[in-house]
Amino acid sequence: MSVSVIDGKAFSARLQDLVGREVAKVKADHGLHPGLAVVLVGSDPASEVYVRSKRRRSVEAGLASFAHELSEDTSEAELLELIARLNEDRSVHGILVQLPLPDHIDADKVLDAIDPDKDVDGFHVLNVGRLSTGKPSLVACTPLGCMMLLQDLLGDLKGKSAIVIGRSNIVGKPMAQLLLAQDCTVTIAHRFSRDVPKLCRQADIVVVAVGRAGLVRGDWVKPGAIVIDVGINRITDADGNSRLVGDVAYDEASQHAAAITPVPGGVGPMTIACLLANTLTAACRQSGLPDPELTLNSK
Ligand code: NAD
């Protein structure tokens, strides 16, 4: 069987272009300039890279970008004060607090202080609750990106059997809710699940978000399944070279799957594009406009 490689990089570039065109439209037609505030506390090198990239791509898409870089010793109260100001600021439609936060700050408290309508990361309990009860919500960017790739590939997902391996609040659980909302039959596997290979072999759609290099082997994948690999793991190979790999043994799984996301270049690039999309959606909702049409159709 020849596998189709899902090009998340190309898809995310097209999504970003579409967001950019829609941003230009709401600016011209309604004088609305969607704005995203990104808050970074401390100087974690990986977080700095992510934040720079989020700001660069916001500007590319025509969003107003507001950067708040705070020192490592910022107190929880100071951060909560900033969030309260951003909640009130009408030029800010989306607020993103880069995780992880320093240990002395309670991340849940900070995330739940964000106005749910500006919660473009989709982590606020109200958005999680809205998603799980089928109400309009802002959805966490990584699972939203996975769902866009799946819908682009398959169209209607009704009745498909899906497994989500990993049950984190930021990927696994919202991913399972999104699949359920599309009428899939969903199994969620986690570290205590029994015989995950057997569960996996029953699935038409496999989404893996665990953080263990090559966990999903080729013989876990049902012939013709779609495999979405969220994992990002840095490994050092026998020659001492370091590289990024996913949670799926890519070469093996490619022998069985109909389509698969590579790592890097699959799910990863979708996350920021979805953040831009969420900021535009949040801005439209806050201004009483209909949700923007952000469906891409590759076919
Ligand atoms: P997490 O550590 O919060 O959760 C891992 C989950 O995997 C847990 O629910 C755990 O029960 C489950 N698990 C652990 N071992 C298992 C096993 N042997 N079998 C089945 N389940 C097992 O991780 P996370 O934040 O969801 O991230 C998962 C991976 O996705 C990481 O590699 C992370 O870097 C990556 N990630 C990528 C993006 C992106 O592409 N933009 C975004 C978020 C996370």
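Mentor: Let us start with residue classes: Ala, Val, Leu, Ile, Met, Phe, Trp, Tyr, Cys and Pro count as nonpolar, Asp, Glu, Lys and Arg as charged, and the others, Gly among them, as polar. By these classes, the shell around the ligand holds eight nonpolar, nine polar and three charged residues. This is a predicted model, in which local features need pLDDT of at least 70 and side-chain atom pairs count only at pLDDT 80 or more, while totals for chains, interfaces and linings use all residues. Residues are numbered from 1 along each chain as its sequence is written, and side-chain values use heavy atoms, with hydrogens and water left out.

Trainee: How many residues surround the ligand, and which are the closest?

Mentor: A residue is near a molecule or strand if one of its heavy atoms lies within 4 Å of it. Here 20 residues surround the ligand, and Arg-167, Ser-168, Arg-191, Ile-232 and Thr-271 are the closest.

Trainee: Which polar side-chain atom lies 3.2 Å from a nitrogen atom of the ligand?

Mentor: A polar contact is a pair of N or O atoms within 3.5 Å; within protein, one must be able to donate a hydrogen and the other to accept it, and residues adjacent in sequence count only if both atoms are side-chain atoms. The side-chain atom in question belongs to Arg-212. Backbone atoms take part too: a polar one of Ile-232 is 3.0 Å from an oxygen atom of the ligand, and a polar one of Val-230 is 3.5 Å from an oxygen atom of the ligand. The protein buries 75% of the 860 Å² that the ligand exposes when taken alone; accessible areas come from the Shrake-Rupley method with a 1.4 Å probe, and for residues only the protein chains shown count as cover.

Trainee: What is the strand order in the open sheet of six strands?

Mentor: Helices (H or I, at least four residues) and strands (E, at least two) are DSSP runs, numbered from the N terminus, and two strands pair if DSSP finds at least two bridges between them. The order is S1-S11-S8-S7-S5-S6, with parallel pairing. Strand S1 (4-5) and strand S6 (185-189) each have a single partner strand, so one side of each is left without a neighbour in the sheet. S6 pairs with strand S5 (residues 161-165) over five bridges, and Ile-165 has Ala-189 as its bridge partner in S6.

Trainee: Which strands does helix H7 touch?

Mentor: Contact means heavy atoms within 4.5 Å. Helix H7 (residues 172-181) touches S5, S6 and S7, and its direction makes about 170 degrees with that of S5. Axes are lines fitted to C-alpha atoms, for helices over the stretch in contact, and angles run from 0 to 180 degrees between N-to-C directions.

Trainee: What is the order of the open sheet of three strands?

Mentor: That order is S3-S2-S4, with parallel pairing. Strand S3 (64-70) and strand S4 (94-97) are its edges. Helix H2 (residues 45-60) lies across S2, S3 and S4, at about 170 degrees to S2.
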